[in-house]
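Here are my notes on the model you sent over. Have a look at it first, then read on.

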Protein chains: 2
Amino acid sequence: MVSTFMFKSLAVVGATGAVGREFARLLEHHLVGVERIRLLASARSAGTSLPVRGTAITVECLTHDSLTGADLAFFSAGRDVSREFAPPAARAGTIVIDNSSAFRMEPDVPLVVPEVNPQDLDHHHGLIANPNCSTILLAMVLGPLHLAHPIRRVVVSTYQAASGAGHSAMQELQHQTGAVLAGRRFQPEVFPHPCALNVFSHESTIDESGYNEEERKIMAETRKILGHPNLAISATSVRVPVLRAHSESVNITFGEPVTEDEVREILRGSPGLRVVDDRPANHFPMPSEASGIDEVLVGRIRQDLSQAEGRGIELFLSGDQLRKGAALNAIQIAERLQPS
Amino acid sequence: MVSTFMFKSLAVVGATGAVGREFARLLEHHLVGVERIRLLASARSAGTSLPVRGTAITVECLTHDSLTGADLAFFSAGRDVSREFAPPAARAGTIVIDNSSAFRMEPDVPLVVPEVNPQDLDHHHGLIANPNCSTILLAMVLGPLHLAHPIRRVVVSTYQAASGAGHSAMQELQHQTGAVLAGRRFQPEVFPHPCALNVFSHESTIDESGYNEEERKIMAETRKILGHPNLAISATSVRVPVLRAHSESVNITFGEPVTEDEVREILRGSPGLRVVDDRPANHFPMPSEASGIDEVLVGRIRQDLSQAEGRGIELFLSGDQLRKGAALNAIQIAERLQPS
């Protein structure tokens with residue numbers, strides 16, 4: 001989609017990370033009206049250069065002056081950097097779209113998946129939060145369903161890729177897998193556990209309830225995006241040896257009977273989704289097909305036989321964690337914010 | 001555990017498969033009273049030899065005479081072989097423990113996880129079914145919980161290893177992963193989809209309900225093992241790039257309030273389980289630690305925040321698919337069947 005934006009100057013903060021690099025790639029075809037692009041990162045990464053629209057741009061060190069004059073800034077350098085640099089930038093007139101979790105649950109900060117709750121962009125104060133990656137993919141499917149038939153409860157188990165833990169985690173998965181295949185010993189460095197040919201509970205901190213931070217994000221952010229503070233939702237977040245697309249097994253309880261055909265029809269008509277649900281061919285959403293594309297794949301849509309009165313639906317989704325799960329969603333927010 | 005069995009002659013049918021090889025390894029320390037061990041397979045595999053208790057045993061071709069004189073036979077050569085050879089062997093006096101799905105749901109065939117429903121062995125007719133691998137692991141956890149607090153509903157999403165599809169699938173995962181890392185093209189042969197660094201819905205046939213055969217096994221067999229024909233249960237079976245241990249994310253609804261401490265206590269006291277639930281260390285069940293051991297690992301035990309009145313529990317388990325998920329469980333059945 002080629003846009004004709006009036007944003008003229010754009011900065012990417014955290015440009016050398018996995019999400020930052022994806023921003024740089026997506027700018028090839030998005031926000032084409034932007035004339036000036038600055039890439040910013042920590043002192044450690046400053047000086048390297050990244051190709052953007054065919055030109056090598058040198059990454060500069062982020063300072064408190066870096067964002068002066070920028071109409072728009074994407075932040076993807078972690079919670080601490082966002083906490084320090086995003087609010088002053090927003091106060092100075094830059095529209096900040098923040099990929100960290102720093103401000104997502106602030107009541108006056110919109111948390112937006114453009115296909116699901118674009119109306120929440122109407123009242124921003126210069127700072128808009130991009131949701132957690134697993135949450136975006138889940139909300140893409142739950143959003144249109146909830147609009148048609150109120151959802152009561154969701155149980156989700158994730159199959160999360162290494163990319164969610166950054167560029168170095170993707171490299172660790174590749175190097176460690178090579179070591180395992182060659183029978184060499186290895187020391188996990190980025191992840192706390194072996195990631196090659198293994199599966200482990202998400203590495204984020206566990207709170208006293210027993211849920212980890214990633215699961216808490218999925219649960220709290222989904223409620224905010226759907227505008228459904230009473231949604232009963234439980235998440236289990238698990239890492240799998242996949243490079244850059246997350247998958248989720250989703251069990252939904254509706255407040256009323258809903259047929260699988262209805263669900264399939266609703267999802268087929270929803271922007272940003274592609275229904276992949278070919279039972280005879282055993283062809284369903286997979287990370288290998290979700291990687292590198294914009295759409296979230298959804299399939300395995302079936303009546304949940306464990307729920308009475310046809311109020312339950314099971315489904316499975318896969319989506320690119322770096323693209324719709326992060327950089328693309330942030331860019332789509334910017335595209336919706338075209339200055340009037 | 002060293003047993004003093006009166007079974008004197010034993011045959012392993014399907015000896016060269018992934019499960020058959022695990023049988024051979026386990027016989028080192030199990031059923032030590034058995035004096036004669038025969039390894040049987042199809043004509044294609046006959047002639048190879050496998051080490052059993054330090055001696056190379058030549059694999060013989062399975063014929064209708066092969067089981068004559070065997071006190072005990074383990075079948076793990078697929079449904080068709082079991083259908084043809086198991087019933088006549090049982091009629092001729094051999095006790096058959098069948099790892100295929102051929103007879104599992106027959107009303108007069110016990111389907112047994114020895115720690116959960118050993119009483120079902122009291123009335124066998126020479127043929128005992130070993131449950132599906134995912135089902136055994138799940139029943140190991142649900143069994144003791146259901147005994148203490150009746151379970152109403154279970155939602156399970158699996159993370160299944162390649163070994164469930166046999167020795168050639170394990171080889172495909174290794175070879176294909178090497179190819180992907182080296183940037184070489186590959187053609188999936190055993191699995192219908194790429195298995196390296198990918199996740200896909202279980203390859204078994206989907207029926208008109210939208211559930212696949214593996215999921216149907218988990219649902220039907222769990223009901224039979226627990227003696228709970230009305231259990232509401234829904235399964236989603238997914239392959240992950242792991243060699244030989246399955247994991248499962250399990251959401252349980254009890255008929256009454258149950259605390260996570262109670263659940264942990266029950267599982268800690270249950271044979272064959274090891275609770276791995278260290279929140280500060282972020283240490284939970286993983287295939288890398290479940291592989292090659294007898295116990296099923298269980299952890300991430302927490303109150304399900306999406307269920308009212310404390311009636312919901314979330315947990316995660318990992319277990320060796322070839323060992324407790326197949327060969328070990330069958331051997332344990334035999335150990336319970338010590339002739340009187």
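How many helices and strands does the secondary structure of chain A come to?

1. Chain A has 8 helices and 16 strands, taken as DSSP runs numbered from the N terminus (helices H or I, at least four residues; strands E, at least two). Bear in mind that this is a predicted model, where local features need pLDDT of at least 70, side-chain atom pairs count only at pLDDT 80 or more, and totals for chains, interfaces and linings use all residues. Residues are numbered from 1 along each chain as its sequence is written, and chains are lettered from A in the order in which they are written, while side-chain values use heavy atoms, without hydrogens and water.

2. On overall size, chain A has a radius of gyration of 20 Å, which agrees with the value near 20 Å for a compact globule of 340 residues. That radius is over C-alpha atoms, and the rule is 2.2 Å times the number of residues to the power 0.38. The C-alpha trace of chain A spans about 60 × 60 × 40 Å along its principal axes.

3. Of the 340 residues in chain A, 62% are buried (under 20% relative accessible area, 1.4 Å probe, protein chains only). Looking at contacts (heavy atoms within 4.5 Å) in chain A between residues at least 6 apart in sequence, 66% join residues at least 24 apart.

4. The same surface serves both copies, as 100% of the contact residues of chain B recur in chain A.

Notes: Buried < 20%, exposed > 50% of the residue type's maximum accessible area, 1.4 Å probe, protein only.
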